[in-house]
Each structure stands twice: as structure tokens, then as C-alpha cells.
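Biologist: I want to learn to read a model strand by strand and helix by helix. Can we start with the sheets?

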Amino acid sequence: GAKVLHRVLNTAKGVIIQLCALLEIRREGLVCAQAATPEDDTARIIAAAGDYAALMHRPLHEVDVPHVRQALQRCLEARASQFGPELALYFASSGGRGMAAYVDAPRLGGLERHLLEVFCASMSVGFENVLLYHQLQALAYLDPLLHIPNRNRFIELIDTHLREPAGVTMAVVDVDDFAGINQTLGHGFGDALLQALGTRLGEHLGPGVVMARVAADSFGLLGPDAVVNPARLAAALAAPLAVQGQGLRISATSGLVRLGAASPQGAELLKDAHIALKQAKQRHRGAAHYFTAAMGTDARERMRLLRGLREAFEAGRLFVVYQPLVSLADGRTLGTEALLRWRTDEGQFVPPDQFIPLAEQSRLIVPIGEFVLRSACHQLKRLHDQGHAGLRMAVNVSQAQFRDPGFVDMLARALRETGVEAHAVELEITESMAAEDFELMMSVLAEVRRTGVSVAIDDFGTGFSSLSLLRQLGADRLKIDRAFVHEIGSGALRGTIARMVIELGRGLDMQVIAEGVETQAQRDALREMGCHEAQGYLFARPMPAGALETWLQGGPAAGGPETAAARPPG
């Protein structure tokens, strides 16, 4: 590039000045040539003065001074200094990209020749440093595949534009399912796809837009609002790309940020664009969304909460509480549900509906889920050993846990190591989980059943599964969502949905559990409808393990933030 050529020229001028001083000759008597490079496949004159000034920048083979041309050519070809009949000194460099200097000087004695050899070795180091600096700079600021700015350089360019941000938009364009393309068609095809997309964006957006590669499958764009916008990006991708001789239609999702006078630095703006990109992906593939201040606030709050959750888990501030499940027919305690709680250092509780989704999105739910399952199994074994032999333990499982390839092995290991009976453990899944990825769900549930563990469908009626899916899942129990329990005795529906779920469950030969039961009227109505089991504040609040053990013995459940509201029925 221009910068490296400038530095090489300065190095060559330095060589001329020092060489002339060493030999006590005029500067006008020297000519420097650089060997061919990957960027320029022709050896060229890079420094000349006096009588030779007209040779500057000319290809070496066009130099019309035969003795100078031949001396330099011999020097570059031999990669060694030539001391006669013409004097040409060689300055080495890695990769053969050396430099030769023709010296119009009288014949030299042995001492002078030795001095020149030392001088050439010394100058070679300086010349090598110039080229090495250029290589390091290229690695630091250029993408090696696409030969466009990389993330580091893009951030610098954003900061430059922030001096006059009016009317400028920055975008991150992410190729949808790029990992799948690489996996299916190979990395060579993936590289060719990125090259084709880079060419297409350059053609459609024009030279006024800066383009960079900011991640493996993402391009950064910086340019006028009228050019960098959703409509222009969609138009650029409307036609198939030509990739390795075939037409390929791709989808790309974009996050955009309008630069403003109060905009943060480039690195922060790039984060904002990624926040908008994530929002766009959550809507649908191929979408484009602009960043808003509210998005940034929400994202920062989620990151703060996630960081706190990770620290709390590592510090042991997450714990499990247990809410009893009772029989509506005779009031017996049939089991308990394990529920995760998070208490901060300040003693405040973070609601599960805030931190569980974050744990799922970050895959922190996998180790946390194992902690809950093991804690629950250990506690169940204690209860069985204390004489409560018929109790079962229900544990909630998320989609992210089911997708983890080691989940079933972890379940089997937890059962084996805690010594609990598998038939006494029940996993609760939501119906929306089944609807989202039914094939995966059926496959994992089949493996779960082989361990002897039973399955319940939680929050039934709030998702989008069909009756045929429910039948195929073959779960053991169906849980009525608390929202439908609260309708009993009030509102227009007056428990109609709860009644329908109970009848459906009984028709499928499934046990039905009502959650969130808070009043005697709700309990009586559910029992009359034929519901089998219930849980809720009417019977007991979620409580720590010690309080649960006391409660099961018929004593008050003291010792925790969520205490029992009543003694065990019956």
C-alpha cells in the first residue's frame, strides 16, 4: 500500500545518506531498487537522485542505463552484493523481497569492502523492520480473506466519522445460518460466499460506504443514511449470489445505528448495533432494526443481571425451596415441587421469571439445572429415609437443558449417585417446549422414560400444542396453569377452561394437577370437577428443606422466607 511504500522510500533515502557519508561520495551517484513483492510483481526503482533522478518509480527492466540496470538485476537475482566491475549492494529481507543499491564509486579496497558488508547487514535490519511493521499492521487492521478493514480498523473509522456524524448510519449485516452452510457445504464454500457477498454489497452501496468484516459471518457498513438503510440492504440481497458457479439465495439480518453528536465511541456503537441485530433476529430472519436507547438500557440491565446470576451461582447464593403437592380427594401430601430461588447479598429476592429466561439464553441453565436436580434428588432421598416413602419430587426442566447432549446421562448419574428411586422423580416440561421442537422432545423423552423417570406437562393451556401432540408425548401428568385456576368462581369463564383441561387429562388417562390454589372455594370446585392434585398457598408456600421436613412431621414450617401457610392436610 501507499504507507508501506512511503516507509520503504524513507528507508532507501536513509541508506543513500549513510552510504554516501561512509564512502565520501556524492548522493547523486546512487540508485536503489526493490525486488518484486506480492503487491507489485515487478522490481522497481524506489530511490534515485542527480543524473539518475528520471529513473524514479520505473520498472527495473525499463531502466535505459544498461550498466546500472544490469548491476541491480545481478544483485537482486544473486541476493548478494556485487563488488565488480560495478558496485551494487544487497540489503536482505524475508521472503526474498530485498533491496539493491547501485553505487557509482571508484574501485574499493579490502577494508572498504569489509565496511560495506557490515553496513549492508546493519541496513538490512532496518529494511526488514519496515516490511515487518507493514505485515503486522496488515494483520491488525485488514481481514486476510476479503482484504477489507477488520473489526479493529472499523472501530477506528467509526470514531473518525463521529467528528461529523450528521446523516451517517452504521450497520452490522449478519449472514443467517452461516454455521450451517459451513457445516453442510464446507469452509471453502463459506469463504466463497463471504467474498461474493462482499462484492455484492460493494457494488450496490458504492464507494461512499466503508465496508469491514467485524465477525466470522458479519459485515460492518458505515455511510450516508440514504445508502445504509434497510431498503438498500434488502435490494442488495434480492438476487441470488454467484458462489462457486451456482446461484445461492441467502438471508441476512441487520442491526443499524444512526450516528449522532452524543454517540459513544466506536466499540460501544458496534455493541449497540449487535443489540439491534439480536432484536431483529428474535423477530424473524432477514429483518433489519434500528437501535433505540430503550434497547440499550434493557440489554445493559440484562447483562448486569446475568453477571450477578453467574456470580451468585458460583458463590452458592442460589438455593432450592419445595412446595408440597396434595391430594384433593383426601388431603394427603403426595409429593413436592423443587423451585429455584436467588437471594442477593443485600437479602433481596430476584423473581424467577426475571432470571430463569436469562439463564436459558446464556446456557447457564445447564449447570444450574443440574444443581437443582441433584439438590432435589438428595432431598427426596432424605425424605424417603425419614419415612415419607411414597413422596415424589417434581423438577422443572427447560428447553436449553433438553437440547444439551449430556442431559440424559446427567439425569441417570444424579439418580445413581443420590440413590433415589427413578419412579419417584418427575420432570416438568412446558407445552410450548414440545410445540417448538417436537422431534427433539420425543427423542429425549423416550430416553428419559428408559431411566424410569415420569413426565408432567406444565402450564397447560398457555402454549400452542395440538391434542395430537399431547397424545404422542404420553406424559404422566397434566398441570393446569394458575391463570385458569384463578378464574374459578370469578370472571365470565368461571373455571370453564380448568374444567376442560381436567376432562381432557382424564380422557387421556393422565393425572391432573392444579397450581396456584389459594382459596377454599377453588379447592372445592377443582375437587368437584375431578382434579386429582393441587399445590398453592392454601396448602403451603414454597419452603426450604428443613422447614419442609418439619412441616411433613406436622409442625410449623419456620426457618425460611417462604413459610408454610398450613399444616399438612389430613
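Biologist: Which residue stands opposite Ala 33 in β5?
Modeller: Ala 100 does. Strands here are DSSP runs of E with at least two residues, helices are runs of H or I with at least four, and both are numbered from the N terminus. Two strands pair if DSSP finds at least two bridges between them. β1 and β5 have 5 bridges and pair in the antiparallel sense. This is a predicted model, so local features need pLDDT of at least 70, side-chain atom pairs count only at pLDDT 80 or more, and totals for chains, interfaces and linings use all residues. Residues are numbered from 1 along each chain as its sequence is written, and side-chain values use heavy atoms, with hydrogens and water left out.

Biologist: In what order do the 5 strands of the open sheet run?
Modeller: The order is β2-β1-β5-β4-β3, with antiparallel pairing. β2 (44-48) and β3 (82-83) are at the edges with a single partner strand each, so one side of each lacks a neighbour in the sheet. β1 (residues 30-34) joins β2 over 4 antiparallel bridges, and there Gln 34 stands opposite Arg 44. β4 (residues 87-91) pairs with β5 over 5 bridges, also antiparallel. Leu 87 has Val 103 of β5 as its bridge partner.

Biologist: How many residues of β5 are buried?
Modeller: Buried means under 20% relative accessible area, exposed over 50%, and partly exposed in between (1.4 Å probe, protein chains only). In β5 (residues 99-103), 5 of the 5 residues are buried, so the strand is largely enclosed by the rest of the structure. Met 99, Ala 101 and Val 103 point one way, while Ala 100 and Tyr 102 point the other way.

Biologist: What about β11, and which strands pair with it?
Modeller: β11 (residues 252-258) has 6 of its 7 residues buried, so it too is largely enclosed by the rest of the structure. β6 (residues 168-175) pairs with β11 in the antiparallel sense over 7 bridges, with Met 170 opposite Val 257. β12 (residues 288-290) pairs with β11 in the parallel sense over 3 bridges. Leu 256 stands opposite Tyr 290 there.

Biologist: Now a helix. What span does α6 reach?
Modeller: The expected span is 1.5 Å times one less than the number of residues. α6 (residues 187-205) has 19 residues and reaches 27 Å from first C-alpha to last, close to the 27 Å expected. Its buried residues include Phe 189, Leu 193, Leu 197 and Arg 200. An α-helix has 3.6 residues a turn, so residues three or four places apart point the same way. Gly 206 follows α6, with a positive phi near 85°.

Biologist: How many aromatic pairs does the structure hold?
Modeller: There are 4. Rings of Phe, Tyr and Trp (its six-membered ring) pair if their centres lie within 6.5 Å; planes under 30 degrees apart are stacked, over 60 edge-to-face and the rest tilted. One of the pairs is Trp 342 with Phe 355, edge-to-face at 5.7 Å centre to centre and 85° between the planes. Trp 342 lies in strand β14 and Phe 355 in helix α10, so the pair ties together parts 13 residues apart in sequence. Trp 342 is buried at 5% relative accessible area, and Phe 355 is buried at 0%.
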